[in-house]
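Morning, everyone. Please look at the sequence and the structure on the screen, and I will walk you through them.

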Amino acid sequence: MVTTSAFPVAGRAPDTLAGVDSLEAQLDGGPAVFVPVATDGTWIFPVALPFDGSVDGLHVISLQATDGVGNVSTTTHFPFSI
């Protein structure tokens with residue numbers, strides 16, 4: 001994908017037993033933010049980084065889900081480059 005503005009990262013966090021209760025995302029190890037999860041497990045995390053050359057290079061989005069009974073997933077990391 002090529003873009004010059006903020007872009008969404010979307011996915012699906014299915015849990016057929018207890019359902020996904022919450023999803024947290026971090027960009028480059030920054031503060032965790034709550035990402036709303038729809039009943040079908042789909043989610044969208046907007047990524048807003050400046051496209052002025054100041055943040056060119058590798059970045060990582062980290063995601064961790066918690067299900068309806070409190071089980072916490074391992075953290076999944078998605079690297080990308082600007």
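Helices (H or I, at least four residues) and strands (E, at least two) are DSSP runs here, numbered from the N terminus. On that basis the protein chain has zero helices and six strands. Along the sequence the pattern reads β-β-β-β-β-β.

Now the ground rules. This is a predicted model: local features need pLDDT of at least 70, side-chain atom pairs count only at pLDDT 80 or more, and totals for chains, interfaces and linings use all residues. Residues are numbered from 1 along each chain as its sequence is written, and side-chain values use heavy atoms, with hydrogens and water left out.

Overall dimensions next. The C-alpha atoms fill a box of roughly 45 × 20 × 15 Å along the principal axes. The accessible surface (Shrake-Rupley method, 1.4 Å probe; for residues, only the protein chains shown count as cover) is about 5300 Å². Carbon and sulfur atoms account for 58% of that surface. Buried means under 20% relative accessible area, exposed means over 50%, and partly exposed is in between (1.4 Å probe, protein chains only). Of the 82 residues, 23% count as buried.

Contacts, then. A contact means heavy atoms within 4.5 Å. Take contacts between residues at least 6 apart in sequence: 52% of them join residues at least 24 apart.

On to the sheet. Two strands pair if DSSP finds at least two bridges between them. Four strands make an open sheet in the order E3-E2-E5-E6, with antiparallel pairing. Strand E3 (33-34) and strand E6 (76-81) are the edges, and each pairs on one side only. E2 and E5 run antiparallel and are joined by seven bridges. Leu27 has Ile61 as its bridge partner in E5. E2 and E3 are also antiparallel, with two bridges. There, Glu24 stands opposite Phe34 in E3.

Stay with E2 for a moment. Is Ser22, in that strand, buried or exposed? Ser22 is buried, because its relative accessible area is 18%. Leaving aside neighbours within four places in sequence, Ser22 contacts Phe34, Gln64, Ala65 and Thr66.

Now the turn into E3. Asp28 lies in the loop between E2 and E3. That hairpin has five residues between its strands. Asp28 has a positive one, near 55 degrees. Asp28 counts as partly exposed because its relative accessible area is 41%.

Next, the core. A nonpolar core is a set of buried Ala, Val, Leu, Ile, Met, Phe, Trp, Tyr and Cys residues joined through side-chain atoms within 4.5 Å. The largest one has 14 residues. Trp43, Phe45 and Val47 have the most contacts inside it. Strand E2 (20-27), strand E4 (42-47) and strand E5 (58-67) each give two or more residues to this core. What does Phe45 touch? Not counting residues up to four places away in sequence, Phe45 touches Phe7, Pro8, Val9, Ala25, Val33, Val35 and Ile61.

Pockets. On a 1 Å grid over the protein atoms alone, a cavity is a set of points where a 1.4 Å probe fits but cannot get out, and a pocket is an open set with protein on both sides within 12 Å along at least five of seven lines; lining residues have an atom within 4 Å of a point. The largest pocket holds about 180 Å³ of space. Its lining has 13 residues, and the closest to its centre are Ala13, Leu23, Leu63, Ala65 and Thr76. E2, E5 and E6 each supply at least two lining residues. E5 gives the largest share, three residues.

Last stop, Ala18. Where does Ala18 lie? Ala18 is in the loop between strand E1 (7-12) and E2. Ala18 is partly exposed because its relative accessible area is 33%. Not counting residues up to four places away in sequence, Ala18 touches Asp67, Gly68 and Val69. Ala18 and Leu58 are 40 residues apart in sequence and 35 Å apart in space, C-alpha to C-alpha.

Key
Grid points are joined across faces, edges and corners, and a volume is the space filled by probe spheres set on the points.
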